Amino acid sequence: MILFAVFRIILALVFLFLGLLHIYWLFGGKWGIQTAIPSKANSESLFKPPVLATVLVGLGLLFFGFFFWYRIDSPIKWPVLVNKYLGWVIAGVFFIRAIGDFRYLGVFKRVKDTGFAKMDTHVYVPLCLMIAIMITIIELLIGF
């Protein structure tokens, strides 16, 4: 069960960092933002994330961190369905993100020469796969 504890702590810290990073961007932070939004080959951003989306993603990531920190010995009694399936859903979301949209993000992206695409290849996709694999291992360990 040491593997479970290590993965749980790593996931909680990664989600905490990512959630706080989104909150930082929400309040006008600039660090990392240039390579955080997919862009076309001419480096034009595909979209400007709405404030509400940034808030929801940031809070969602912070919740995921809390969920994995307290995955077993939680002071909160999670509903049975949450306890049974949320980890699998989160793993699935990050696995799908790693696969991508077959154009601008993920393993199979076609646009590969932008700042975002390079970060996606070297940081975001491996991080998403690592998160999905660690959650899968945690869920399998809990199931046995």
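User: What is the handedness of the crossing in which α2 passes α3?

Analyst: In this predicted model, the contact is made by Leu61, Phe63, Phe64, Phe67 and Phe68 of α2 and Val82, Leu86, Gly87, Ile90 and Phe94 of α3. These residues divide into nine nonpolar, one polar and no charged. The crossing in which α2 passes α3 is left-handed.

User: Are α2 and α3 roughly parallel, roughly antiparallel, roughly perpendicular or oblique to each other?

Analyst: The two helices, α2 and α3, pack with their axes 12 Å apart and at an angle of about 130°.

User: How are α3 and α4 oriented to each other?

Analyst: The axes of α3 (residues 80–99) and α4 (residues 115–143) come within 8 Å and cross at roughly 155°, and the crossing is left-handed. The residues of their contact divide into 15 nonpolar, two polar and four charged. Angles over 145 degrees count as roughly antiparallel, and α3 and α4 are therefore roughly antiparallel.

User: Which residues are the closest to the centre of the largest pocket?

Analyst: The largest pocket has a volume of about 1,300 Å³, and α1 (2–26), α2 (51–69), α3 and α4 each supply at least two residues of its lining. The lining residues divide into 27 nonpolar, six polar and three charged. Of the 36 residues that line this pocket, the closest to its centre are His22, Trp25, Ala36, Ile37 and Val57.

Note on methods: Residues numbered from 1 in each chain as written. Predicted model: local features only at pLDDT ≥ 70, side-chain atom pairs only at ≥ 80, totals over all residues. Heavy atoms only, no water. Axes fitted to C-alpha atoms, helices over the stretch in contact; angles between N-to-C directions. Helix = DSSP H or I, 4+ residues; strand = E, 2+ residues; numbered from the N terminus. Parallel < 35°, antiparallel > 145°, perpendicular 65-115°, else oblique. Left-handed = near helix turned anticlockwise from the far one by under 90°. Nonpolar A, V, L, I, M, F, W, Y, C, P; charged D, E, K, R; others polar. 1 Å grid on protein atoms, 1.4 Å probe; cavity = no way out; pocket = protein on both sides within 12 Å on 5 of 7 lines; lining within 4 Å. Points joined across faces, edges and corners; volume = space filled by probe spheres on them. Contact = heavy atoms within 4.5 Å.
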